[in-house]
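Work through the exercises below with the sequence and the structure in view. Each task is followed by its solution.

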Amino acid sequence: MENGIDKVSGSMLFSEEELIEVSGLKKGGDFVEVTCGCTSHRYGDAVGKLRVFSNGNLEITCECTPGCNEDKLTPAAFEKHSGRETARKWKNNVWLIVKGEKVPLSKTAFLKYYNQASKNGNGIHKAHSGRVCHRDEFVRCSRCKKERRFRLRTKEECRIHHDALADVNWKCSDILYDRITCDDDEERASRRVYRGCSRSPACKGCTSCVCFGCEICRFTDCSCQTCIDFIRNAEA
């Protein structure tokens with residue numbers, strides 16, 4: 001069970017009525033794939049393949065040109081990639097072909113798992129305990145080249161890591177909450193594998209500890225692309 005939704009076979013995600021005459025239909029192990037697209041008045045139609053998963057994830061592989069390598073795009077990223085002039089409304093701008101007609105994604109059944117996941121999670125990744133969980137991350141010092149650990153348990157800690165990661169000149173002495181200098185030893189590799197996941201201490205990354213954007217680790221006053229995309233998706 002993930003994000004409050006049971007993982008089910010792709011053949012059971014939607015009813016036959018919901019899938020009738022949808023172009024490019026393909027049923028996978030735990031997803032359904034359909035042809036999708038987004039129209040720009042300047043560049044025309046950008047076509048892709050949308051995969052809908054039972055956990056609410058939506059992934060688009062772009063096929064706008066033979067040489068396009070954009071893969072696993074979010075609908076918002078696909079909308080932007082297509083050159084859509086009025087972006088930030090991907091639910092209406094990304095379309096499927098149903099009975100030979102372009103139909104906005106919002107008017108199909110293909111958002112029901114996405115909407116349910118958003119409702120259950122309230123836009124925040126949580127551990128089994130119900131608390132927000134982000135695993136510890138590391139940033140490399142620009143001077144000594146040693147990696148330093150950042151705990152991400154509060155919004156303040158997330159902001160410290162966020163700003164350090166964005167600073168190409170970040171150095172050990174910039175750490176505010178600990179007295180570390182470039183002369184201090186780097187953590188042993190055997191210790192660095194323990195990163196604070198509530199599911200497994202040596203987790204290499206799972207849905208409990210790896211967050212792809214939530215209210216704790218994204219910031220409205222930051223102009224980096226990651227924060228902007230999160231804010232746009234939240235507004236949509």
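**Exercise 1.** Is Asp178 buried, partly exposed or exposed?

Solution. The model is a predicted one. Step one: the relative accessible area of Asp178 is 40%. Step two: buried means under 20% and exposed means over 50%. Asp178 is therefore partly exposed. Step three: Asp178 sits in the loop between helix 5 (155-166) and helix 6 (189-192). On the surface, Asp178 belongs to a patch of negative charge with Asp183, Asp184 and Asp185.

**Exercise 2.** Find how the rings of Phe14 and Phe110 are arranged, and which parts of the chain they tie together.

Solution. Step one: the ring centres are 4.8 Å apart and the planes make an angle of 40°. Step two: planes under 30 degrees apart count as stacked and over 60 as edge-to-face, so the rest are tilted. The pair of Phe14 and Phe110 is tilted. Step three: Phe14 lies in the segment before helix 1 (16-19), and Phe110 in the loop between strand 6 (101-104) and helix 4 (112-121), so the pair ties together parts 96 residues apart in sequence.

**Exercise 3.** What is the separation in helix 5 of Asp163 and Arg159?

Solution. Step one: Asp163 and Arg159 form a salt bridge, with the closest N and O atoms 3.0 Å apart. Step two: the two residues are four residues apart in helix 5, which means a separation of about one helical turn. Step three: Asp163 is partly exposed at 37%, and Arg159 is partly exposed at 23%.

Conventions. Residues are numbered from 1 along each chain as its sequence is written. This is a predicted model: local features need pLDDT of at least 70, side-chain atom pairs count only at pLDDT 80 or more; totals for chains, interfaces and linings use all residues. Side-chain values use heavy atoms; hydrogens and water are left out. Patches are made of residues with over 30% relative accessible area and no salt bridge: like charges are joined within 9 Å, nonpolar side chains (Val, Leu, Ile, Met, Phe, Trp, Tyr) within 5 Å. Accessible areas come from the Shrake-Rupley method with a 1.4 Å probe; for residues, only the protein chains shown count as cover. A salt bridge is a side-chain nitrogen of Lys or Arg within 4 Å of a carboxyl oxygen of Asp or Glu. Lys and Arg count as positive and Asp and Glu as negative; His and the chain ends are not counted. The place of a charge is taken as NZ of Lys, CZ of Arg, CG of Asp or CD of Glu. Buried means under 20% relative accessible area, exposed over 50%, partly exposed in between (1.4 Å probe, protein chains only). Rings of Phe, Tyr and Trp (its six-membered ring) pair if their centres lie within 6.5 Å; planes under 30 degrees apart count as stacked, over 60 as edge-to-face and the rest as tilted.
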